[in-house]
Amino acid sequence: MKILFLGTGAADWPSVKKQGAEHRRFSAALINGELLIDFSAQLKDSLDEYNIPMEQIKYALNTHKHRDHYSEKTLAELNAAGAQYLQFAAGDEKQVGGYRIYAYAGNHGTCKDTLHYIISDGKKSLFYGLDGAWLMYEEVEGIKTHKPDFAVLDATVGFVDGDYRIFEHNNLNMILEIKKSLAPYVGRFCISHMARTLHSDHKELSKQMEAHDITVAYDGLEIVI
Ligand SMILES: [Zn+2]
Ligand SMILES: [Zn+2]
């Protein structure tokens, strides 16, 4: 399974781009070049940068309708380019083409019906958990059952202490706790959805996370699992 990160930021990034890994677009990821997770208004810019024609996208999944994950206009463009919008509710399990997809409720109170996914392509599997704080019981059970090879977690809050957002997003201490508890069930942990105002730069964050064997996603990162 190939995972390309098209956007790894939270909602607080300005549209003026910085160079390389120091700039993060609104969150999106592309699986095997054809299954898209989330489509904000910044999707097209990202597809252009990585030379991906929109027509290549077969399926589009959405985690929730915050503007850093969802744009109605972008969805219409995806539909016009031939993508199939896959709609799920918490608890659903569906086979779509070569993919088995499981949807779980995420703990992201400012947006009702937020979903996290486990996606298997028959060979490898991915847990994608943006946005949300901690993990809900059902998704923990899902992770224990399906043992994803790769897990992408919401790391919005950085190491900031006492931030009010920890009830709907993780800070890095929460990520470390989650990793310790779920290490037997997950091949590798990765963080994404970093808030600009709550994180150090990518280089510094990568160094901090390297000590914990956690991948820090950046726009353009491609992982093969
Ligand atoms: Zn978000
Ligand atoms: Zn959100």
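Select strands β8 and β9 (residues 125-129) first: they run antiparallel and are joined by 4 bridges. Strands here are DSSP runs of E with at least two residues, helices are runs of H or I with at least four residues, and both are numbered from the N terminus; two strands pair if DSSP finds at least two bridges between them. The model is predicted: local features need pLDDT of at least 70, side-chain atom pairs count only at pLDDT 80 or more, and totals for chains, interfaces and linings use all residues. Residues are numbered from 1 along each chain as its sequence is written, while chains are lettered from A and ligands numbered from 1 in the order in which they are written.

Within this pair, display Tyr117, which stands opposite Tyr128 in β9. Next, move to the turn: β8 and β9 form a hairpin with 4 residues between them, and Gly122 in that turn has a positive phi of about 95°.

Why is strand β8 largely enclosed by the rest of the structure? Of the 6 residues of β8 (residues 115-120), 5 are buried (20 or more other C-beta atoms within 10 Å of a residue's own, with C-beta atoms placed from the backbone).

Finally, select Ser46 in helix α1 (residues 43-49). Ser46 is buried, with 21 other C-beta atoms within 10 Å. Gly7 lies 39 residues away along the chain, yet the C-alpha atoms of Ser46 and Gly7 are separated by 7.4 Å.

Technical notes: A residue is buried if 20 or more other C-beta atoms lie within 10 Å of its own, exposed if 12 or fewer, and partly exposed in between; C-beta atoms are placed from the backbone.
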